[in-house]
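Colleague: I want to learn how to read this model. Where do we begin?

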Amino acid sequence: MGTTNSDFGFTVGNRLAGGQARTGVIRTPHGEIHTPAFIAVGTKATVKAVLPETIAEAGAQAVLANAYHLYLQPGSDIVEAAGGLGAFMNWAGPTFTDSGGFQVMSLGVGFKKVLAMSTDGIQSDEVIASGKTRLATVDEDGVTFSSHIDGSKHRFTPEISMQVQHQLGADIMFAFDELTTLMNTRSYQEASVERTRRWAARCLAEHDRLTTEWAGKPYQALFGVVQGAQYEDLRREAVRGLIALGADGGRSFDGYGIGGALEKGNLGTIVGWCCQELPEDKPRHLLGISEPDDIVLAIAAGADTFDCVSPSRVARNGAIYSRDGRYNVTASRFRRDFSPLDADCDCYTCAHYTRAYLHHLFKAKERLFATLATIHNERFIISLVDRIKDAIDAGTFDEVTGQLLDRYYAGSAETSR
Ligand SMILES: [Zn+2]
């Protein structure tokens, strides 16, 4: 059961003295992930604009794709027929799929816009972005939603999410959870944590059934997802509820995801509450973060892996991460700048191209821009996490992360003037 499975396991390496930060190794049927690690996002079974070989060369150890998107297009049955996600997209290493819960609900209510709104004084369970029609409705059994592609009606339940994710065949899957926003009322958050726990139990049962039914396939690990928004008691309760599911000798989760609305100001605190309750010997994945300060806080609080679409998404819009902060290579001051995107970066783009060339590609709307900028940004975040990992091993976490962040945010303040 759980991490004793011969195809999947997690070993803690070094722990930072007096803190929660740790290194480790996640073992999957498709290889190891040395943690802490940034997981590259390939939503539709591709890291946009970049070859799998190139993303591997940039240091990515694993790729995370999206169950909701692949279920709608091309269909999880097609990915299964291709031999699973890794074979379909030509990625030999470990893969993750998320449950689809976030996309089903966030695309359904224009959640990204809702997240960007101020939460001051607003408390409502009918949260929806202005100009949006509600495309998703939640009931006790699951979620009914309309496809963002063609408006067709679909239904996800915990069982269906597990069936879809088993077809997709990723090494690590996530339980189907209900997503709330910071604006939901406290009583709704309480009910939602309970519902997510009931859904988690159904996910485990269905996962157990499918694992037995498809015993010949490589083992797929299942992570439970911790919700509870910004409330300490709900977060801790949510973790205990998920752990209790395996306590009666049944199947328990192989790891845990920390999900839901996280206010930037208390991200480290919330991750800390969860990690204090979570078992030491199972990996912890923080869903959807990528800013350098958030990554440092999350690792310090005990998280092992992270994913975020941001490095490649902002790259396509011209935003470049560098050791001296994030800047926009589309600005006219880079027209004649023949230095690399980041002088200290070891990526393919920085070895062969200049800011002036990237600036030109963007202005000329050349597709190579997206490829080169994505390689650099992915490498930046991956190597940032790798440097932090080395610092945990060396016992120099505070010095190293302090220097990294000081330089990054000093530079950001400089370039935003
Ligand atoms: Zn670079």
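Modeller: Begin with one pair of residues. His285 stands opposite Thr305 in strand E14. This is a predicted model: local features need pLDDT of at least 70 and side-chain atom pairs pLDDT 80 or more, while totals for chains, interfaces and linings use all residues. Residues are numbered from 1 along each chain as its sequence is written. Helices (H or I, at least four residues) and strands (E, at least two) are DSSP runs, numbered from the N terminus.

Colleague: Do E13 and E14 run parallel or antiparallel?

Modeller: Strands count as paired if DSSP finds at least two bridges between them. Here E13 and E14 (residues 305-308) run parallel, joined by three bridges. Strand E12 (residues 255-258) is also parallel to E13, again through three bridges. In that pairing, Ile258 has Leu286 of E13 as its bridge partner.

Colleague: Which way do the residues of E13 point?

Modeller: In a regular strand the side chains alternate between the two faces of the sheet. In E13 (residues 284-287), Arg284 and Leu286 point one way. His285 and Leu287 point the other way. All are buried (20 or more other C-beta atoms, placed from the backbone, within 10 Å; exposed is 12 or fewer, partly exposed in between).

Colleague: In what order do the strands of the open sheet come?

Modeller: The order is E1-E2-E3, with antiparallel pairing. Strand E1 (9-15) and strand E3 (31-35) are the edges, and each pairs on one side only. Strand E2 (residues 22-28) is joined to E3 by five bridges. Within that pairing, Gly24 stands opposite Thr35 in E3.

Colleague: Which residues have the most contacts inside the largest nonpolar core?

Modeller: A nonpolar core is a set of buried Ala, Val, Leu, Ile, Met, Phe, Trp, Tyr and Cys residues joined through C-beta atoms within 7 Å. The largest one has 115 residues, and Val271, Ala298 and Leu358 have the most contacts inside it. Helix H15 gives the largest share, twelve residues. The core lies between domain 1 (36-308) and domain 2 (316-410), because both give residues to it.

Colleague: What does Val271 touch?

Modeller: Contact means C-beta atoms, placed from the backbone, within 7 Å. Leaving out residues up to four places away in sequence, Val271 touches Ile258, Leu286, Ala298, Ala301, Gly302 and Ala303.

Colleague: How many residues does the contact take from each domain?

Modeller: Domain bounds come from an automatic or database assignment. For this chain, the assignment gives domain 1 (36-308) and domain 2 (316-410). Their C-alpha centres lie 28 Å apart. The contact takes 19 residues from domain 1 and 20 residues from domain 2. On the domain 1 side, strand E4 (37-41), helix H1 (52-57) and helix H11 (292-301) each give two or more residues. H11 gives the largest share of that side, five residues.

Definitions and conventions. Contact = placed C-beta atoms within 7 Å.
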